[in-house]
Amino acid sequence: MNTESTIVIRASKEKIFESAADLSRWPAVLPHYRYITYLERGTDRHIVKMAAERDGVPIAWVSEQVIDRERLEIRFTHLKAFTKGMGVVWSFEEKPEGTLVRIVHVLRFRIPALAAIADRIIGGFFIDDIAHKTLSAFKAHLEAPAQ
């Protein structure tokens, strides 16, 4: 399963990168995130339990987050739950109209015979929806006039 979600945000890629990298602020900025708990906390590498919801359906997973400041890239590897092994990469590209923010999810299902079903449920129902809501909420937050 490969999915890609994108959005253009009128803010610098550095500002968007820092906002996206700071998981401690996600529940305050992203209404569909219920909580994020740090299980291990480093400078640019963390192990976190992340919990969100998709239209009232609660989901949670444990993920390693790596913040690559040199490449302005944020990478996640899911460590537990149905999405164990999934890689997620956030990247940022300057465009004339703003910064193109891209989230790519790559998952090879552990049980190939169930891949088509899992792709629709995990990829279509959960990942696409949550990624879209995440990008839209970051856009609204970062483009809002300063208070």
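This is a predicted model: local features need pLDDT of at least 70, side-chain atom pairs count only at pLDDT 80 or more; totals for chains, interfaces and linings use all residues.

I started with T3, which sits in strand 1 (residues 2-9); helices (H or I, at least four residues) and strands (E, at least two) are DSSP runs numbered from the N terminus. Residues are numbered from 1 along each chain as its sequence is written, and side-chain values use heavy atoms, with hydrogens and water left out.

Is T3 buried or exposed? T3 counts as buried because its relative accessibility is 10% (buried is under 20% relative accessible area, exposed over 50%, partly exposed in between, with a 1.4 Å probe and protein chains only). Skipping neighbours within four places in sequence, I found T3 in contact with I103, V104, H105, I127 and D128 (contact means heavy atoms within 4.5 Å).

Next I looked up S24, in the loop between helix 1 (13-21) and helix 2. S24 is partly exposed, at 42% relative accessible area. Not counting residues up to four places away, S24 touches Y38 and R41. The S24 side chain also makes a polar contact with that of D22, at 2.5 Å (N or O atoms within 3.5 Å, one able to donate a hydrogen and the other to accept it within protein; residues adjacent in sequence count only if both atoms are side-chain atoms).

Then the rings. Rings of Phe, Tyr and Trp (its six-membered ring) pair if their centres lie within 6.5 Å; planes under 30 degrees apart are stacked, over 60 edge-to-face, the rest tilted. I get eight aromatic pairs by this rule. W26 and W90 make a tilted one, 5.7 Å centre to centre with 45° between the planes. W26 lies in helix 2 (residues 26-29) and W90 in strand 6 (residues 87-95), so this pair ties together parts 64 residues apart in sequence. Both W26 and W90 are buried.

How are the rings of W26 and F138 arranged? Their centres are 5.8 Å apart and the planes at 75°, so I call the pair edge-to-face. This one links W26 in helix 2 to F138 in helix 3 (residues 115-143), 112 residues apart.

Last, the largest nonpolar core: 41 residues, with W26, Y33, M50, W90 and F138 having the most contacts inside it (buried Ala, Val, Leu, Ile, Met, Phe, Trp, Tyr and Cys joined through side-chain atoms within 4.5 Å). Helix 3 gives the largest share, ten residues.
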